[in-house]
Amino acid sequence: MTAPVVAGRDLRKRFRQGKTGAIDALAGVSLEIVAGGVSALVGPDGAGKTTLIRMIAGLMTVEEGELTVLGLNVAEDPQGVQDRIGYMPQRFGLYEDLSVQENLDLYADLHGVSPAERRRKYPRLMEMTALGPFTGRLAGRLSGGMKQKLGLACALVRSPELLLLDEPTVGVDPLSRRELWDIIGALVRDEGVPVLISTSYLDEAERCAHVVVMHKGAVLAQGRPDAVSAVAAGRTFLVSPPAGEAPRKLQARLLGDAAVTDASPDGGRVRLVRSAGPADAALAGLRLDAVPVRFEDAFMILQQTADAAEAGATAEPAAAMKLERPVGGAKDEVVVEVSGLVKRFGPFVAVDQIDFQVRRGEIFGLLGPNGAGKTTTFRMLCGLLTATSGTLKVAGADLRRSRAQARRKLGYVAQKFSLYGQLTVTENLDFFAAAYGLAGAARRHRIDWAMDEFALRPMAGVVGGQLPGGFKQRLAMAAALLHEPDILFLDEATSGADPVARREFWRRITALADQGVTVIVTTHFMAEAEYCDRIAILDSGRILAQGPPADIRARGVSATCPAPTMDDAFIAVIEQARAASQPGKAA
Amino acid sequence: MTAAAPSRRSRLTAKARRILALIRKEGRQVVRDPSSFAIGVVLPLMLILLFGYAMSLDVKHVPVAVVIDEPSANASEMAASFLLSPYFDAHITSSMAAAEALMQAEQVDGIVRIPADFARRAAQGDASVQILVHGVDGNRARIIEVYAEAAVAQAGARREAEGQGAVATGGQAVVESQLWFNNANDSRYFLVPGLIVLIITLIGAFMTSMVVAREWERGTFEALFVTPVRTDEILVGKIVPYFLLGMGGLLLCMLSAKFLFEVPIRGSIVILTGVSMLYLLVSVATGLLISSSLKSQFLSSQVTLVATFMPALMLSGFIYDLRSVPLAVQIISYIVPARYYVSLLQTLFLAGDVWSVILPNAALLAAAAVLLLALTRRATRKSLG
């Protein structure tokens with residue numbers, strides 16, 4: 001096994017954008033992936049991960065350079081490659097009006113899998129994916145996690161010689177994510193199939209045998225994760241906040257500092273990656289405890305170095321955003337009050353008797369697996385759905401009686417990009433400002449504020465649909481803040497966003513909360529729960545646990561896992577609850 | 001590397017298996033997707049009922065005033081041919097002034113004036129009748145005029161058969177050639193063939209373009225491409241199901257033509273089916289070509305509607321007689337395949353196996369099918385860019 005499975009040399013691909021512009025999706029990528037284990041492709045949005053995977057799958061022409069897959073030149077024989085690999089695109093490629101079984105059969109037929117082989121293969125696929133009880137269900141009716149597993153099963157009906165997975169874990173909860181990795185692990189262990197996966201979860205990349213770090217169409221580093229991580233050696237610390245300062249505030253303060261490359265809240269403390277330069281005033285008086293390097297630290301260093309090299313030495317992080325009008329009212333006043341909330345859709349109970357309160361200036365996180373009832377709860381809070389029973393008070397207004405009054409005080413950023421793809425950034429803002437009843441000078445003033453605070457000016461004339469991911473998310477948030485709401489709802493706003501964009505996003509959120517805006521978020525990134533003041537874990541429409549992140553994390557402590565991550569804690573809470581509700585059935 | 005190249009035969013079996021799998025998949029989708037079902041089954045049925053019962057280009061029971069300037073046997077006989085005609089509701093008046101008043105009050109759409117010297121001139125063999133038609137609705141006016149002329153001509157023919165002199169209307173008594181083959185003077189005779197064109201276009205082009213664009217939009221093609229399936233197999237897998245569905249639509253139309261509307265089919269059913277298959281192939285290929293190039297459901301459905309359905313309705317000679325449209329439109333109509341199909345259908349339904357019409361039109365349809373399929377093959381590639 002010496003020949004590499006994938007070997008690319010100086011690959012280039014350019015996409016035309018608009019009339020004159022063009023972007024280099026791949027600007028000279030050379031990589032080598034050898035058999036044995038999982039290789040991960042990581043990088044921010046627009047780094048070229050999807051383009052590269054599609055090129056390897058023979059779906060995109062190789063403009064320049066040479067790409068060999070399984071010993072075949074892809075440019076000359078794409079079909080030859082496609083006959084031998086398995087591929088799962090970002091959107092899983094399932095036929096929604098076909099059942100689970102029919103989808104599997106279709107791909108088995110297309111791959112020419114014999115009946116005897118099917119008899120051997122199907123039970124194993126069903127066992128791995130736990131889709132056995134659902135073979136008759138239409139693929140369109142499956143949850144996100146189940147769709148993902150079915151997509152994977154379809155790519156595996158014929159044992160492929162190489163498996164390509166393009167961001168299979170986007171928008172999927174930690175539970176389903178862990179299940180997917182168990183399947184991949186078994187595949188590598190039992191059948192030795194080489195796997196290439198693109199992901200924005202760096203903890204996933206860390207567990208791979210090989211990583212390729214990309215940035216704007218170029219490869220920054222590749223090799224074993226620990227070898228790549230070496231760049232961060234000696235630069236990673238845990239910092240305890242001084243008495244009286246919230247870890248979130250310390251984190252925001254440190255993130256803006258020149259001596260700091262990265263800072264993130266971590267179990268009541270702040271995880272710090274120092275830049276190569278000397279310590280400065282911001283670090284004075286803080287106790288820095290050295291901690292082992294994580295792959296994420298190295299990733300942040302590599303990305304920032306590349307960004308800085310591109311922008312010249314002037315790459316200064318933007319100052320934390322400022323509201324024009326601080327939110328009035330007493331701090332700690334309860335602004336969102338939910339009690340006994342129930343939502344039924346026919347016989348199905350989506351939300352079952354939940355209670356929580358959120359105080360002014362708090363960041364409250366609603367976490368839970370897909371289908372737990374998070375989005376339903378959100379829609380009720382925003383007055384988009386009527387509750388079956390229970391009380392819902394937002395900003396003092398009872399949502400069951402005075403929706404319009406409550407809505408004026410809240411901003412909502414939906415899961416999907418819900419602005420107009422054909423309107424430019426300016427036109428979108430203009431439209432939403434008008435929709436909120438802003439006119440004349442006030443409207444112009446608010447749009448100027450949004451453009452400055454969200455750094456949208458460079459993209460002012462670009463239509464929404466063509467914005468890079470990070471800008472889309474910023475535009476969506478800017479539009480939701482135009483009318484200066486007291487409360488901001490963010491439904492999986494960071495789904496699919498890369499780590500760099502997520503840092504920036506949370507920097508804005510914490511700044512808003514500090515100025516009195518109440519923020520309620522849902523997220524699939526459990527590490528983001530660390531930014532919240534309090535979180536609630538939902539499953540099957542019920543709240544299983546509620547409290548500050550540190551308390552929730554403590555619930556994940558077990559003999560085998562003395563220092564659980566937020567992911568571990570989340571899974572532990574869900575599994576304990578599910579086991580309790582189904583006595584006698586092992587997890 | 002694989003050991004030995006698989007035999008030609010096993011390659012062909014594998015190919016057939018893949019195509020069958022795709023066809024089976026497509027069939028299930030048509031049955032389960034409500035929009036496919038609506039376009040493929042409900043809409044054709046609605047069109048059949050709409051065209052068959054609700055819509056008619058016939059002008060019947062037209063109110064006309066018949067002015068008899070001077071009563072006579074001949075004049076009464078002429079008036080009777082209007083009184084008895086199902087196409088007219090005749091009001092007999094004795095003065096032109098009264099008739100004009102009725103026309104102005106829009107109580108009648110036309111005036112038939114049997115002049116005072118009618119009886120005398122009829123005896124001489126050059127009697128004439130004056131026909132005035134309300135011209136506000138030009139199309140209707142022309143139809144009324146033609147009907148009136150036909151009524152007069154029939155009366156004349158009767159007289160001639162009885163050995164009495166002929167009657168001429170205001171100058172020329174031209175009988176439209178269409179009426180020759182449309183004995184009952186019933187617009188269903190040409191609406192039903194037109195209906196077949198619309199339904200085949202709808203299923204063939206519109207539906208195909210929607211389902212192919214949907215695969216691009218939903219990203220299912222992306223997954224399908226990275227399998228051993230070949231481009232031509234994907235195309236065949238799309239053509240066959242919608243071709244069969246179109247044939248089902250054709251059968252439905254032929255059955256309703258025969259039993260519901262009682263339109264005669266004078267030509268051979270085999271030839272009718274054959275040319276319909278050619279046109280169906282043209283439609284499916286057009287739908288595939290449009291959607292493969294545009295890759296968006298909304299865009300391709302709009303473009304397909306404008307490029308196939310509207311021309312089939314308006315430029316095929318189905319509703320509007322192409323001889324009476326401006327020259328530029330006539331020239332454009334030559335690139336509309338539906339035009340040739342309409343000629344074929346009208347001939348096969350109403351005239352019979354007229355080879356001088358069938359051969360050139362069928363050849364043109366076949367050429368269009370080959371050209372469009374070749375273009376589609378070129379436009380469809382297993383590639384995202």
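Student: In what order do the strands of the six-stranded open sheet in chain A run?
Tutor: This is a predicted model. In it, the order is E20-E21-E22-E17-E23-E24, and the pairing is mixed.

Student: Which strands are at the edges?
Tutor: Strand E20 (410-413) and strand E24 (542-547) of chain A, each of which pairs on one side only.

Student: And how far are neighbouring strands turned against each other?
Tutor: By 15° on average, with direction ignored.

Student: Take E21 and E22 of chain A. Parallel or antiparallel?
Tutor: Parallel. Strand E21 (residues 487-491) and strand E22 (residues 518-522) of chain A are joined over five bridges. As an example of who faces whom, A:Thr518 in E22(A) is opposite A:Ile487.

Student: Which strands does helix H11 of chain A lie across?
Tutor: H11 (residues 374-381) of chain A lies across E17 (363-367), E21, E22 and E23 (534-539) of chain A, and it runs at about 150° to E21(A).

Student: What does H16 of chain A touch?
Tutor: Helix H16 (residues 499-514) of chain A packs on the sheet and touches E17, E21 and E22 of chain A. The direction of H16 makes about 145° with that of E22(A).

Student: What about domains in chain A?
Tutor: The domain assignment lists domain 1 (6-228), domain 2 (229-314) and domain 3 (417-484). Between the C-alpha centres of domain 2 and domain 3 of chain A there are 32 Å.

Student: Switching to chain B. At what angle do H14 and H15 of chain B pack?
Tutor: Helix H14 (residues 337-351) and helix H15 (residues 355-379) of chain B pack at about 150°, and their axes are 9 Å apart. The crossing of H14(B) and H15(B) is left-handed.

Student: Which residues make that contact?
Tutor: H14(B) contributes residues including B:Tyr340, B:Tyr341 and B:Leu344, while among those from H15(B) are B:Ile358, B:Leu364 and B:Leu365. By class, the contact of H14(B) with H15(B) has 10 nonpolar residues, three polar and no charged.

Student: Last topic: how many residues of chain B are in contact with chain A?
Tutor: On chain B there are 24, in contact with 24 residues of chain A.

Student: Which helices of chain B supply at least two residues of that side?
Tutor: Helix H1 (8-32) and helix H9 (220-225) of chain B. H1(B) gives the largest share, eight residues.

Student: And the classes there?
Tutor: The side of chain B that touches chain A has nine nonpolar, six polar and nine charged residues.

Key
Residues numbered from 1 in each chain as written. Chains lettered and ligands numbered in written order. Predicted model: local features only at pLDDT ≥ 70, side-chain atom pairs only at ≥ 80, totals over all residues. Contact = placed C-beta atoms within 7 Å. Helix = DSSP H or I, 4+ residues; strand = E, 2+ residues; numbered from the N terminus. Nonpolar A, V, L, I, M, F, W, Y, C, P; charged D, E, K, R; others polar. Axes fitted to C-alpha atoms, helices over the stretch in contact; angles between N-to-C directions. Left-handed = near helix turned anticlockwise from the far one by under 90°. Pairing = 2+ DSSP bridges. Domains from an automatic or database assignment.
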